[in-house]
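Hi everyone, thanks for making time.

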Amino acid sequence: MTDTVIDYSAVFQALPGMVALLTPELVYADANEEFLRVSGRSREQLMGRYLFDVFPDNPNNPAATGARNLQASLLRVLATGERDAMALQRYDVASLERPGEWEERYWSPVNAPVQDSDGRVVLLVHRVEEVTELIRARGGPSGNRARVLEAELYTRARELQEVNERLRQSHAREREVALALQTAMLPAPSPMGHHRTAVRYRPATGALNVCGDWYDLVDLPGDRIGVAVGDVVGNGLEAACVMGQLRSALSAASRVADGPARALDVLGLYSRSVDGAENTTAVQTFIDWDTRTVTYSSAGHPPPALLRADGTVQFLDEATDPPLGARPDHLPRPQATAVFTEGATLVLYTDGLIERRREDIDTGMRRLADSLTRHQGADPEALADALLLELLPSGGVTDDTAFVIVRL
């Protein structure tokens, strides 16, 4: 069997439905033949022009909302990176043959994102099905019934759109509350003696993917501190509440445990009584400046990165165990120790810093290591800003990101 070379441009033009491609600025980048035919516009009348300059709302209809609804849908896709199916729309179109007149038209649109490797929306797929003839079917003995069905269908579509809008507003309010709760539970850390540290938290761009990540720093007896990060499976208020309980529990356990493995043991037992804590990942480290060691244990979490004074990066992955609640029976967690020299830097992070869609996690870890090496001499605050700039997509992130930097 020979490999077939597919001409995707030809496929796009041959699609049986109406499809157009829009830039993030809502400018036409392309349209297939069916879109041109049904819309009654030529390629020259569309390409490079702003969507709502070509298809504005009918100025003669004060109740016209088609353009406003379509714009809101497209902006949602840009903001969330998620597909948006719209309710049936009445969206009149200006007649080209009779200037000043408008044709009553009905459409069923779906808008979807095209994303690059960083998850940034670079194009919008605008697919439309015209249902004007279905809605306006009249004539013969069934005409009255058809008009009743038309009104009923259009009314139900408007109601559906209003319900969807209320749901979106509810999700937006939930996101605001969850972020406020997250901020309250992740305050700026208190000074760790003479040790220099930096922390960062960035919520996901979308309304449904926030508030599962946390960090924690605690003073320990002697010249030691405990540093941890974790990631709760889930989103919204529920994840924020679970995060708060687990963070507090691990912080308390770290103050009395004889090592990070024991602290995670206690957290694992506690998590069994917390709904929504299953499969949470976390990594706990104890940093000891007297012995110049980092002792660590991980519950299914990405390994901490140790940037050594010579610019090399070691990922601390020799004490990794399954996430919390992943085992039916409780077993002691492993623990390992790494030695450091003065001037080294330790970075604990959640997967939002390194993971990208359609990309192996090792690629993200190499990207992190390269960035750490390039900024080896930077202090923790400057290094934190550099990591945010270089590793997070400029178009927004689809997962929370939290990390802690400690100069050793």
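One term before we start: when I say a residue is buried, I mean that its relative accessible area is under 20%. Also keep in mind that this is a predicted model.

Okay, with that in hand: the chain has 408 residues, and 49% of them are buried. In terms of secondary structure, we've got eleven helices and 19 strands. Now look at who touches whom. Taking the contacts with a separation of 6 or more, 63% are between residues 24 or more positions apart.

What about the outside? The accessible surface of the chain is about 19700 Å², and carbon and sulfur atoms account for 53% of that. There's a nonpolar patch on the surface, too, made of Ile6, Tyr8, Val11 and Leu15, and together they have about 380 Å² of accessible area. Let's pick out Val11, which sits in helix H1, residues 8–14. Val11 has a relative accessibility of 40%, so it counts as partly exposed.

Now for the aromatics. How many aromatic pairs are there? The count is three. Here's one: the ring centres of Trp289 and Phe340 are 6.5 Å apart and the planes stand at 75 degrees, so we call this pair edge-to-face, given that the cut-off is over 60. Trp289 is in the loop between strands S12 and S13, while Phe340 is in the loop between strands S17 and S18, so this pair links distant parts of the chain, 51 residues apart. And are those two residues buried or exposed? Both Trp289 and Phe340 are buried.

Note on methods: Residues numbered from 1 in each chain as written. Predicted model: local features only at pLDDT ≥ 70, side-chain atom pairs only at ≥ 80, totals over all residues. Heavy atoms only, no water. Helix = DSSP H or I, 4+ residues; strand = E, 2+ residues; numbered from the N terminus. Buried < 20%, exposed > 50% of the residue type's maximum accessible area, 1.4 Å probe, protein only. Contact = heavy atoms within 4.5 Å. Areas by Shrake-Rupley, 256 points an atom, 1.4 Å probe, with all protein chains shown as cover. Patch = residues over 30% accessible without salt bridge, like charges linked within 9 Å, V, L, I, M, F, W, Y side chains within 5 Å. Salt bridge = Lys/Arg side-chain N within 4 Å of Asp/Glu carboxyl O. Phe/Tyr/Trp six-rings, centres within 6.5 Å; stacked < 30°, edge-to-face > 60°.
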